[in-house]
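Subject: Structure for your review

Dear colleague,

Please find below the structure that I am handing over to you. A summary of the findings comes after it.

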Amino acid sequence: MSAIGNQVLVAAEQWIGTPYRHQASRRGVGCDCLGLVRGIWRDLYGEEPELPPPYAPDWAERSGEDRLIAAAERHFVTVAGIGAAEPGDLLLFRFRPHYAAKHAGILAGPEHFIHAYEQAAVIRSALVPAWRRRVVGVYRFPEI
């Protein structure tokens with residue numbers, strides 16, 4: 001595991017148990033999947049590189065834009081797919097083939113990832129085939 005991957009994973013694990021709250025990004029108080037990534041970014045680098053605009057729960061179905069992937073490509077290092085992923089890497093998921101990527105998580109090892117699970121909290125989940133086949137982008141946090 002790279003040094004940055006280890007730092008990301010340590011930060012992500014501190015968010016476990018944070019309740020799910022749409023558009024929130026405060027460890028221990030509430031976050032959604034994007035808020036988790038934003039919070040880890042702040043833990044590592046301080047200020048966020050950009051703030052997301054307000055978004056509705058169904059933004060990916062209505063917008064027609066792949067905003068998560070576009071933002072990841074602006075601020076993260078692209079990894080050549082899940083086979084090259086390392087712990088601490090950002091995973092982006094697409095739930096339906098023709099919709100935008102709508103979910104994000106942090107790879108916690110070869111078989112697990114950490115994410116904000118809707119109507120629950122930030123949890124560690126198994127990266128089972130149903131999740132793995134929905135991965136559409138893998139990105140590494142930039143070195144500090």
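The notes below go from the overall fold to individual residues.

This is a predicted model, in which local features need pLDDT of at least 70, side-chain atom pairs count only at pLDDT 80 or more, and totals for chains, interfaces and linings use all residues. Residues are numbered from 1 along each chain as its sequence is written, and side-chain values use heavy atoms, with hydrogens and water left out.

Overall fold

The protein contains five helices and eight strands, arranged along the sequence as α-β-β-α-α-α-β-β-β-β-β-α-β. Its radius of gyration is 14 Å, close to the 15 Å that the globule rule gives for 144 residues, so the protein is as compact as a globular protein of that length. Here the radius is taken over C-alpha atoms, and the rule is 2.2 Å times the number of residues to the power 0.38. Helices (H or I, at least four residues) and strands (E, at least two) are DSSP runs, numbered from the N terminus. The C-alpha trace spans about 40 × 35 × 30 Å along its principal axes.

Of the 144 residues, 44% are buried; buried means under 20% relative accessible area, exposed over 50%, and partly exposed in between (1.4 Å probe, protein chains only). Among contacts (heavy atoms within 4.5 Å) between residues at least 6 apart in sequence, 56% join residues at least 24 apart.

Helix α4

In helix α4 (residues 67-75), the buried residues are L68, I69 and A72. They cover an arc of only 95 degrees around the axis, which puts them on the same side of α4. The arc is that of the directions from the helix axis to the C-beta atoms.

Y20 sits in the loop between α1 (3-14) and β1 (25-26), and counts as buried at 18% relative accessibility. Beyond its neighbours within four places in sequence, Y20 is in contact with C31, D32, C33, A116, Y117, E118, Q119, A120 and A121. Q23 lies in the loop between α1 and β1 and is partly exposed, at 34% relative accessibility. Its phi is near 70 degrees, a positive value in a residue other than glycine.

Q119, one of the residues in contact with Y20, belongs to the loop between β6 (112-116) and β7 (122-126). Q119 counts as exposed at 77% relative accessibility, and has a positive phi of about 65 degrees although it is not a glycine.

Yours sincerely
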